Amino acid sequence: MTAIDAGDLRASASRLFRRKQLAGFGLLAGVVLYLAYAAFAFDIAGLMGRARWENAAVLASDSWSYKTHVERQHRSGEIEIAIEGERRGTYPPGEAPDWIGLGDAVTVDLGHGAVARLLPGNVTEIDIPDYGTARLALEGRDISNDFGDVPPGWVSASDKRVMVTLPGARVTMTPARTEIFRYFFGWDLFWFTLDSPYYGHGPGEILFGPRLDPERGNIAGAAQDWWTNAVWHHKDVAWAICETILMAFLGTFGAALVALPLAFLAARNFTPVWLVRGLFRRVFDFIRGVDSLIWTIVLARAFGPGPLTGALAILVTDAGTFGKVFSEALENIDGKQVEGIRSTGANGLQRARFGVLPQIVPVLASQVLYFLESNTRSATIIGAITGGGIGLLLTQAMQTQKDWEEVAYYIVLIVLMVMAMDWLSGKLRAALIGRGRGH
Amino acid sequence: MTDLASPPTGAIRDSYMAELRRRRLYGGLALLVFAALMAAGFRTANDRNAGGFLDGLHRVGDYPAMVLSEAWEKRAQLPAKLLEYLPDLVETLNIAAVSTLAGALAGTVLAFLSIPGLAPWPRMVPLFRRLMDLMRAIPEIVIALMLIFVLGGGPVPAVIAIAFHTAGALGKLFSEVAENADAKPVEGLASVGAAWGQRMALGVLPQVAPNFLSYALLRFEINVRASAILGFVGAGGIGYELKNAMAWGPGRFGDAAAIFVLLFGAIVAFDQLSGHVRRRLVEGTRT
């Protein structure tokens, strides 16, 4: 008997196993098939052809480095030295960083042992380690070079344009001008622009050294010059961060304030009338279904770009979500506490204040604070659409496609901002819920 | 005895009332500060906005009314328009689905790597936790915009951006679930010589699969919305078409209305569907 039973059991067990195995493999096959379809639908193969990998290289190197341009106009012989080619980063005539020697022949140290000399007569000589000296010259309307018929791989040469790429530097000569770029690690001009007297001075000198600008005290002057830095716009960036946080703050708490009274109307135990309850629930569902994207578009039409529009878009979308969450919390409260308050002769408002609110506040506060953190991220995105806050600055910097170091700066700030809000909301949540539980 | 007991009662009452008054004062002050912050914040936002709140309030209905009236005039074309934009909706849904799948897979691995009891390298646990924090903190739009610069517009930047964020968000939720999983099956598997991957797949995953699935479905709802928004900044799908239709302005509002309808319908349908499935999953684990 027992032997047969065991055999039956084993058979049924192995049937079950096989079915589960099949289901498992079926699921896996389904996922793989779906991904294959998606790869086809998204045209992955075509994408690989269209992708511009050189953009990725530009993005990667520009975000952590800056370059200094040294430019000679062939017609006038004028020489200009500018950081990133920016007007605010241009050295005054007769001044240069210490790796450039001014004079009849301008010598530019290119780093890694290479030196370029801009000689009179529009001739440029480059001393290249492991190669020797290369000579480029403007002759008539063409550029001559002595690299020979088969130039090395780091040279691209034609009659109208010769480009020599060295580690950390690049020399380009065209009939109109000679350009030398030298790359350096870091974000230059981040603290002070060249027209500030504090440029090139360390924190020790500014804090304890002699007065650099006779008009102002060192610390106040340095703070002012940093704050009004015309290349990095620290003031505007700080405002943009504040705007984004403001959008999240106003939107989240405004939504909670709007949703709280309405949630009573959508909760079964407070609104026995089926029609009213159903109506408010459908309103909440509708608001959530319309989605923040469409609310943002509609509100941007009415209020124009700015932080108020973003705050209202978050407010409206989250009012729907909070209404649903709050009414569910209200339905789950303990009725005894309300009855106790009622027995003392309290009216409806008093019952809500002393019987209901203390029960739901920890739940609500925890939800609202969680949303505050996630809305900081949403406010960045909504800001990019409506035009406000750090989201706008980020999209603008990306669209110009040249200030990648600024893009990197904004990204770092955004990540720090979201992490700070995450930390803050976690702290507040712990404090509030701890108190709610009676600790 | 009663003589001894009565004075303390009064003292207790006094101290209780004093405590209550202090609590009320603090509560009132906190409320006041909060109200002042809200008012000041609202004023600042209002001042920095292009249009003021009161000016704009009566214009809120104008744009929907314009779209709806034009859509009503062209109501005969609506079914055709809906059909025309259906492929874009499918693309948006595909973006959400693929990124949720990829994000959930990566999130599962990250979750198992960041639970002290289960991780193969316990010393690396804080590293993986910080990594997940970082992945959650970077808004999708940042990655999407950078990838659009390199890869060009289209769905792939959106998929990668959303999947990256999803991996961080789901990884955290998954690790909270898997932390509470029963360790006995893992020990049993370890005793028969199972490798780490086998222990996780056969010992932990079956316990937590319903919760994982429930969270992943919730994330899918969120990702449908996110992929529509990313479309608006150039990552393909229905958001991109919406932006185009809006840029055309009057004359294309019929298209905009059709896209609104599709997006609204899809979001509500997937909310309901995933809500239903999630309720069943959670109830299934309880019985």
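Predicted model: local features only at pLDDT ≥ 70, side-chain atom pairs only at ≥ 80, totals over all residues.

**Entry 1: backbone angles**

Most residues other than glycine have a negative phi. I then looked up the exceptions listed for chain A.

Asp291(A) came up, with a positive phi near 80 degrees in a residue other than glycine. I placed Asp291(A) in helix H7 of chain A. Is Asp291(A) buried or exposed? Its relative accessibility is 2%, so I logged Asp291(A) as buried, because the cut-off for that word is under 20%.

His112(A) was my next stop. Its phi is positive too, about 55 degrees, and His112(A) is not a glycine. I found His112(A) in a loop of chain A, between strand E4 (106–111) and strand E5 (114–119). At 63% relative accessibility, His112(A) counts as exposed. I set the pair side by side: Asp291(A) sits in a helix and is buried, whereas His112(A) sits in a loop and is exposed.

**Entry 2: the nonpolar patch**

I went back to helix H7, this time for the surface. Which residues make the nonpolar surface patch? I wrote down Leu265(A), Val273(A), Trp274(A), Leu275(A) and Val276(A), with an area of about 500 Å². Helix H7 of chain A spans residues 274–303 and gives the most to this patch, with 3 residues.

I checked one member, Leu275(A), which lies in helix H7. Its relative accessibility is 59%, so Leu275(A) counts as exposed. Helix H7 therefore holds an exposed Leu275(A) as well as a buried Asp291(A).

**Entry 3: the charged patch**

I turned to charge. Arg15(A), Arg18(A), Arg19(A) and Lys20(A) gather in a surface patch of positive charge. I followed up Arg19(A), which has its place in helix H1 of chain A, residues 2–41. Arg19(A) counts as exposed, at 55% relative accessibility.

**Entry 4: domains**

Last, I looked up the domain bounds. In chain A, the assignment gives domain 1 as 65–185 and domain 2 as 234–436. How far apart do their C-alpha centres lie? I noted 56 Å for domain 1 and domain 2 of chain A.

Chain B is divided into domain 1 (2–57) and domain 2 (64–286).

Notes
Residues numbered from 1 in each chain as written. Chains lettered and ligands numbered in written order. Heavy atoms only, no water. Domains from an automatic or database assignment. Patch = residues over 30% accessible without salt bridge, like charges linked within 9 Å, V, L, I, M, F, W, Y side chains within 5 Å. Areas by Shrake-Rupley, 256 points an atom, 1.4 Å probe, with all protein chains shown as cover. Salt bridge = Lys/Arg side-chain N within 4 Å of Asp/Glu carboxyl O. Lys, Arg positive; Asp, Glu negative; His and termini not counted. Charge placed at Lys NZ, Arg CZ, Asp CG, Glu CD. Helix = DSSP H or I, 4+ residues; strand = E, 2+ residues; numbered from the N terminus. Buried < 20%, exposed > 50% of the residue type's maximum accessible area, 1.4 Å probe, protein only.
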